[in-house]
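User: I have not worked with this structure before. Could you walk me through it?

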Amino acid sequence: MKVLHTRARQVTEQIRRFNETLPEADRQLKFEKMAESPFIFFRGTSHLYWYDVSRDWRISLFGGRAETQIWLQGDAHIYNFGALHDHFNRIYFGMDDFDDAVVGDFQFDVWRLAASMVLELRQRPFYSDALADDAIKAFGKAYLNAIEDAANGVPALRLEHAPKPIRKFLDKVHQKNTRERMLEKWTSNNCRSFDYGHEKLEAVTDEQFLALKVAINAYHDTRELLPDGEHPQVLDIVRRTQAGTGSLGSQRYYALIEGETPLENIILDIKQQREPASVAVMPEIEQHWYRESFTHEGRRHAQAYRAIAEHADSWLGWLTYDGTLFSVRERSPFKKDYPAHKLDADEFLVMADVWGYILGREHARGSLDVQPEASGFIHYVTHHLLPERKAFLRLLRAVALHYARCVEQDWQVFKRM
């Protein structure tokens with residue numbers, strides 16, 4: 001008798017179906033990346049995560065109600081944190097990817113980030129269940145404390161008051177990453193054009209250039225922080241390739257924008273935006289609400305970014321090109337992912353606290369865009385969740401440890417596809 005309903009069959013069918021529209025070369029590159037480790041597989045299969053957690057009744061123990069619906073980052077994991085800059089070019093540490101941002105229950109982000117911590121730890125020679133348990137507790141406590149502290153206006157995590165692992169990272173970014181170095185990496189001709197010899201850049205046709213230039217000129221009207229009359233000149237446009245894991249196969253372009261001097265030129269990151277993976281597993285009535293509420297995926301990205309981020313990018317906006325929806329943001333000169341793979345056991349516990357605190361702050365901020373009234377998410381956490389802190393942390397530890405093991409099993413299935 002043929003067995004139809006097994007986890008292995010479900011995993012393989014969902015991965016094939018989710019990636020079937022990708023160009024063959026992009027699909028092969030994505031699958032090669034995903035085969036490297038359970039963690040990278042986890043990053044490339046957020047659709048599996050959403051399929052699983054959308055059916056998990058345990059979400060109702062501490063959520064599943066109106067006041068726990070907030071702006072989610074949507075693809076929370078430890079490598080979606082990094083160095084960023086504010087409007088004064090001050091460097092700080094925060095979440096840096098909002099492509100899958102969506103309104104949903106806060107626990108979906110919390111569970112995913114905690115599971116990513118366990119997956120990262122399980123690749124280390126010093127792993128133990130006790131260490132993973134301690135990391136999740138530190139993360140969960142910091143998350144709740146951040147929401148409790150949300151009304152106090154605690155500043156962003158900047159170099160001058162960051163704990164040691166972050167301070168070393170931000171200091172290195174501050175010393176080594178500059179706009180000049182970024183432009184040197186990606187451009188040529190005195191920063192007036194892109195470097196067409198770069199392995200991750202491809203030329204566009206003249207027709208594509210002209211159509212994209214028109215779309216970019218129109219995009220400025222979507223920016224919130226646009227100085228009066230500012231429509232800077234587009235110097236060059238290229239296609240960006242080989243970027244990301246889950247987003248491989250998406251269209252992506254870089255546009256070089258003229259600054260006051262060549263060394264002040266701006267690179268815009270123009271990235272195709274699709275429906276977040278979470279939408280596919282929503283009940284039909286919620287899918288209808290989503291599609292009525294967010295008619296442009298680039299605009300949804302910008303709305304989430306502005307709601308969640310500590311300092312929204314002044315170049316943030318959206319455009320439509322050739323019928324495809326794109327987000328637009330500046331490519332930060334200080335863009336740098338945090339090297340979590342270099343942490344020792346003690347440093348990992350410190351970072352677990354940092355990840356939890358930042359996620360809590362950003363959830364508290366993002367909740368105000370969804371439910372600004374005082375009886376919303378922050379009130380719920382403060383008055384209803386904190387008294388049940390121990391039970392909440394027990395559930396978080398169970399979910400994270402168990403789901404990490406499930407991902408490892410799914411990864412083995414994937415490698416046999």
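**Overall fold and selected sites**

Analyst: Among contacts in the chain between residues at least 6 apart in sequence, 75% join residues at least 24 apart. Please note that this is a predicted model.

User: How many helices and strands does the chain have?

Analyst: The chain contains 15 helices and 14 strands.

User: What is the radius of gyration of the chain, and what would a compact globule have?

Analyst: The chain has a radius of gyration of 21 Å. A compact globule with 417 residues would have one near 22 Å, so the two values agree. Taken along the principal axes, the C-alpha atoms fill a box of roughly 60 × 60 × 45 Å.

User: And what share of the residues counts as buried?

Analyst: Of the 417 residues, 54% count as buried. The accessible surface of the chain is about 19,000 Å², and carbon and sulfur atoms account for 49% of that surface.

User: Let us turn to pockets. What is the volume of the second largest pocket?

Analyst: The volume of the second largest pocket is about 430 Å³. Its lining consists of 20 residues, and those nearest its centre are Q69, G104, F108, M282 and E286. Two or more lining residues come from each of α4 (46-53), β1 (69-72), β4 (102-105) and α11 (284-293).

User: Which element gives the most to that lining?

Analyst: That is β4, which contributes four residues to the lining of the second largest pocket. Sorted by class, the lining of this pocket holds 12 nonpolar, five polar and three charged residues.

User: How many cavities of 30 Å³ or more are there?

Analyst: There is one cavity of 30 Å³ or more. The largest cavity holds about 40 Å³ of space, and its lining is made up of R7, F41, F42, T45, L48, Y49, Y403, V407 and D410. The elements that give two or more residues to this lining are α3 (38-44), α4 and α15 (389-415).

User: Which of them gives the most?

Analyst: α15 gives the most to the lining of the largest cavity, with three residues. Six of the lining residues are nonpolar, one is polar and two are charged.

User: Now some single residues. Where is G366, and is it buried or exposed?

Analyst: G366 is part of helix α13, which covers residues 345-370. Its relative accessibility is 0%, and therefore G366 counts as buried. Leaving aside neighbours within four places in sequence, G366 is in contact with W71, A307 and I308. G366 and F98 are 268 residues apart along the chain, while their C-alpha atoms are separated by 12 Å.

User: What about N265? Where does it sit?

Analyst: N265 is in the loop between β10 (252-257) and β11 (266-272). N265 counts as buried because its relative accessibility is 1%, under the 20% cut-off. Not counting residues up to four places away in sequence, N265 touches R179, L183, C191, L235, L256, I257, E258 and G259.

User: C191 is on that list. What is its phi?

Analyst: Phi of C191 is near 65 degrees, a positive value in a residue other than glycine. C191 lies in the loop between β6 (187-188) and β7 (193-194), and at 10% relative accessibility it counts as buried.

User: How does D322 look: is it buried or exposed?

Analyst: D322 is exposed, with a relative accessible area of 67%. The loop between β12 (317-321) and β13 (324-330) holds D322, whose phi is positive, at about 55 degrees, although it is not a glycine.

Methods. Residues numbered from 1 in each chain as written. Predicted model: local features only at pLDDT ≥ 70, side-chain atom pairs only at ≥ 80, totals over all residues. Heavy atoms only, no water. 1 Å grid on protein atoms, 1.4 Å probe; cavity = no way out; pocket = protein on both sides within 12 Å on 5 of 7 lines; lining within 4 Å. Points joined across faces, edges and corners; volume = space filled by probe spheres on them. Nonpolar A, V, L, I, M, F, W, Y, C, P; charged D, E, K, R; others polar. Rg over C-alpha atoms; globule rule 2.2 N^0.38 Å. Buried < 20%, exposed > 50% of the residue type's maximum accessible area, 1.4 Å probe, protein only. Contact = heavy atoms within 4.5 Å. Areas by Shrake-Rupley, 256 points an atom, 1.4 Å probe, with all protein chains shown as cover.
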